[in-house]
Every structure is written in structure tokens, then in C-alpha cells.
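Have the viewer open as you read.

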Amino acid sequence: MKKRAVVVFLFVGALIGAARGEKPVLIFNEDSDNAMRAFWHKDAGRYTEQEMRDYVRRVIGGGHVTHFFACVNARVSAYPSKVAPNYWAALGLPGYEQPQWLKAMKDLVVDQGVDQFKVYVDECRAKGVSPWLSFRMNDIHFPNDPERFLNVGFWKEHPELWIDPSAKDRTDGPWGDRAFDYRKEPVHEYMLAYIDEALSRYDADGIELDWMRFEHHAPRAVARTEGAARINDFMRKAKALVARHEKARGHRILIAGRVDTEPESALNHGTDYRTWAKEGLVDWLIPCNFFQTVDFDLPFAKWAAELKGLNPQVLVVPGLDNGVWRNGPWTRGRLTADEYAAWADRMFRQGATGVYLFNFFGMHCFGKLKPDPVCWDFVIKEGLTPENVARHAQSIPDDPPRECVVFGW
């Protein structure tokens with residue numbers, strides 16, 4: 001009964017805030033190559049700067065997106081980096097895939113000199129939307145496939161920095177074996193150098209350290225202990241790095257950390273949010289599911305209560321990845337508008353003052369997933385506000401699974 005009373009109280013507080021005209025936070029995380037892939041399927045020719053501008057205007061033009069998180073990297077960099085290998089590094093190399101969209105991306109960025117992230121920042125500033133940079137801290141998409149364009153550069157050259165260095169001798173096993181081991185100092189140096197470079201290029205209001213792409217950062221047996229201690233060291237160094245850029249830019253640069261939806265799971269993966277909050281290493285915390293399926297039971301009220309005790313200055317924003325398993329583990333589909341409404345309503349009823357969108361594609365994705373205009377209009381044009389979701393039809397998938405072992409241990 002006490003828990004129910006707390007939830008009701010928090011929901012009433014959220015509604016009162018909305019009544020005062022406080023705009024709910026709506027964070028849109030833009031995948032580093034989503035727009036590039038989508039434009040290729042729209043027009044199999046050259047990309048243009050105008051297409052980039054039209055795309056970001058489509059995202060923020062409805063007036064509800066408050067923060068645009070531009071992801072700058074996968075395991076490769078989407079801007080011309082001198083630190084990390086670039087998206088187009090594998091083009092022309094024997095044995096690697098040569099996708100047409102990647103050639104078009106190189107044409108846009110290198111030959112035409114169009115910087116998609118500068119476009120994003122400029123368009124956001126013009127619309128009063130806050131531009132951030134998002135960094136995937138341990139992206140390991142398709143590490144078992146030698147022909148993938150992602151498998152180049154520093155990551156490939158240094159298997160001794162992987163969680164399981166012996167994985168270099170095989171092409172099977174969990175993807176997590178090939179993730180960077182954050183107990184190792186060269187990993188820190190590499191990622192900090194990349195973040196430093198990006199902040200020097202782009203005038204961002206904040207950075208997101210995405211510890212959910214992917215969520216393995218040390219061997220499982222020591223992830224919560226030794227692994228967490230070393231990630232905490234990394235976070236301290238990142239905080240100091242950001243402070244230097246704040247001084248150079250003349251304004252605050254906030255830090256957000258994306259972690260698992262369950263507090264215990266976040267801790268078990270080495271993301272010690274408690275220390276981050278106590279030491280002021282993050283300004284925002286974003287509990288969010290990994291790729292497999294959205295967490296309709298994300299315990300936002302639990303997160304908010306604990307963070308209030310640790311550091312009331314830390315804002316907690318619940319997030320979701322746009323997908324859910326249906327009828328078994330190999331039939332993953334996108335969420336419907338009704339399911340977005342149901343999830344957001346649950347978050348607002350627990351007191352959330354905003355939500356975070358990951359992998360919310362409004363265009364063709366990878367040439368096979370068509371955009372859902374009904375869902376796009378509801379989420380982006382109408383907005384995920386407490387009032388809108390409360391009056392919208394709602395649906396929750398039947399017993400959606402919460403774990404998947406395909407990508408990890």
C-alpha cells in the first residue's frame with residue numbers, strides 16, 4: 001500500500017509540473033549511421049547536406065524533442081577522426097564488405113566536406129534544442145564476422161585489450177568476449193582521446209557515455225568489483241576532461257550515463273552509478289534496456305528515490321530501445337504507438353519528468369524495416385507528455401522476456 005501511495009503522489013507531482021507549463025524532457029538518440037543508411041534507400045545516389053538538414057528538422061520540428069543526442073561512433077567514427085578508425089576505413093581493403101551506402105557516406109563527408117554532426121548542432125541551436133554527443137563505450141557489433149567494415153583499426157589491432165584475448169583465435173562465442181576490458185589503461189587512454197577530440201570539434205551541451213552499447217566491460221567474475229573500480233577511475237578522468245572543455249567553451253557541459261534498467265544489473269555490469277552520483281561524476285542517469293526488448297517494469301520510482309538520497313542534483317530519465325520480442329526470441333519487432341503510450345504512462349505515473357528514445361527510426365532501417373508513420377506522429381509530433389499518453393490507447397505485449405544471451409554471456 002505504501003508503494004502505491006508513493007507512485008500516485010509522484011504521478012500527481014508530474015501532472016502539476018505539466019500544468020505549470022514545464023515541458024517534459026524528450027531525448028532523441030540518433031544512431032551514428034541511421035540517416036546515412038536511410039538516405040541510401042531513399043535515393044541511391046549522392047547524399048547532400050540539405051538531406052541532413054531536412055532529416056534533423058523532421059526530428060526536432062514538432063517542438064517536443066528537447067535534447068538531440070548525436071551518436072558519433074560505433075566501433076568506428078562517423079566523423080573524420082584522427083584517433084579512431086573511420087566508417088569508411090575498410091573501403092577498398094580486400095576481404096571486407098563494400099556497402100554502397102558506406103561509399104556514399106565517404107563521398108558526403110570526405111569528398112563534399114559535409115560534417116553531419118556540425119549540421120545537427122547548428123540545426124538544434126536554431127530550434128532551441130539542446131545538442132549532445134553520445135559515445136558508445138564498448139560497441140561490439142558483429143565482432144565474429146571478419147568481413148564487417150567495423151572490424152578495423154585499434155580494436156582489431158589490440159586483442160590483448162579484450163575481455164577474452166584468446167577470442168582472436170576463433171570466430172564464434174559470445175560477442176562480449178571481444179569487448180574492451182576497462183580494467184586496462186590503454187582502453188581508457190583511447191576512449192578519452194576520442195571524447196577529447198569530439199568535444200574539440202563540436203560545441204555540445206553535454207555528452208552521453210553509453211555503457212549499454214554494449215554492457216560488458218570486464219570479465220563477469222570481477223565486473224562488479226575490480227571492473228567497477230576501474231570504470232569509476234575512467235569516469236573521474238572523463239569528468240576532468242569535460243571540465244577543461246567547459247572552461248574553453250565558457251559554458252557547462254553535462255555528463256549522462258546510460259545503464260541497465262535494474263539497479264542490481266547495472267552494478268553487476270560494473271556501472272557503479274552510486275559512486276558516480278556521490279562524487280558528482282554524472283549529471284544525468286539514464287536507465288534503459290539493451291537491444292533485446294523494452295522493460296515495461298523499469299522501476300523508475302526506485303531509481304529516483306535512491307538517487308535522491310545519493311545526490312539530488314542527478315536527474316534520472318528512463319529510456320527504452322525501440323523493440324520487443326514477439327512470439328519467441330527470433331521475432332523482434334518495433335513497438336507500436338499503443339505500446340509507447342503504455343510504457344511512457346508507467347514512467348510518468350512513477351514520477352518521471354521525461355523519457356529517452358533509443359533506436360527510434362523514422363525512416364527505412366537497414367533496407368527492410370519500414371517506418372511507422374502512426375508511431376512517429378504520436379511520439380515526435382504529438383509528444384510523449386503525461387496527458388497525451390494517459391488518454392491514448394495502451395497495450396503491453398504478453399509477458400515480454402527480459403533477458404537474451406545471444407550477445408553476451
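## A helix pair and the cavities

Helix α3 (residues 49-60) packs against helix α5 (residues 116-127) at an angle of about 45°, and their axes are 9 Å apart. That angle makes α3 oblique to α5, a label for what is left after under 35 degrees (roughly parallel), over 145 (roughly antiparallel) and 65 to 115 (roughly perpendicular). The crossing of α3 past α5 is right-handed.

This is a predicted model, where local features need pLDDT of at least 70 and side-chain atom pairs count only at pLDDT 80 or more, while totals for chains, interfaces and linings use all residues. Residues are numbered from 1 along each chain as its sequence is written, and side-chain values use heavy atoms, with hydrogens and water left out.

Here is who meets whom, with contact meaning heavy atoms within 4.5 Å:

| Helix | Residues in the contact |
|---|---|
| α3 (residues 49-60) | E49, M52, R53, Y55, V56, R57, I60 |
| α5 (residues 116-127) | Q116, V119, Y120, D122, E123, C124, K127 |

The residues of this contact divide into seven nonpolar, one polar and six charged.

Now for the cavities, sets of points on a 1 Å grid where a 1.4 Å probe fits but cannot get out. Which residues are the closest to its centre? Of the 15 lining residues, they are N73, A74, R75, Y190 and M191. Lining means having an atom within 4 Å of a point. Helix α7 (residues 185-201) gives the most to this lining, with three residues. By class, the lining has nine nonpolar, three polar and three charged residues.

Technical notes: Axes fitted to C-alpha atoms, helices over the stretch in contact; angles between N-to-C directions. Helix = DSSP H or I, 4+ residues; strand = E, 2+ residues; numbered from the N terminus. Left-handed = near helix turned anticlockwise from the far one by under 90°. Nonpolar A, V, L, I, M, F, W, Y, C, P; charged D, E, K, R; others polar. 1 Å grid on protein atoms, 1.4 Å probe; cavity = no way out; pocket = protein on both sides within 12 Å on 5 of 7 lines; lining within 4 Å.
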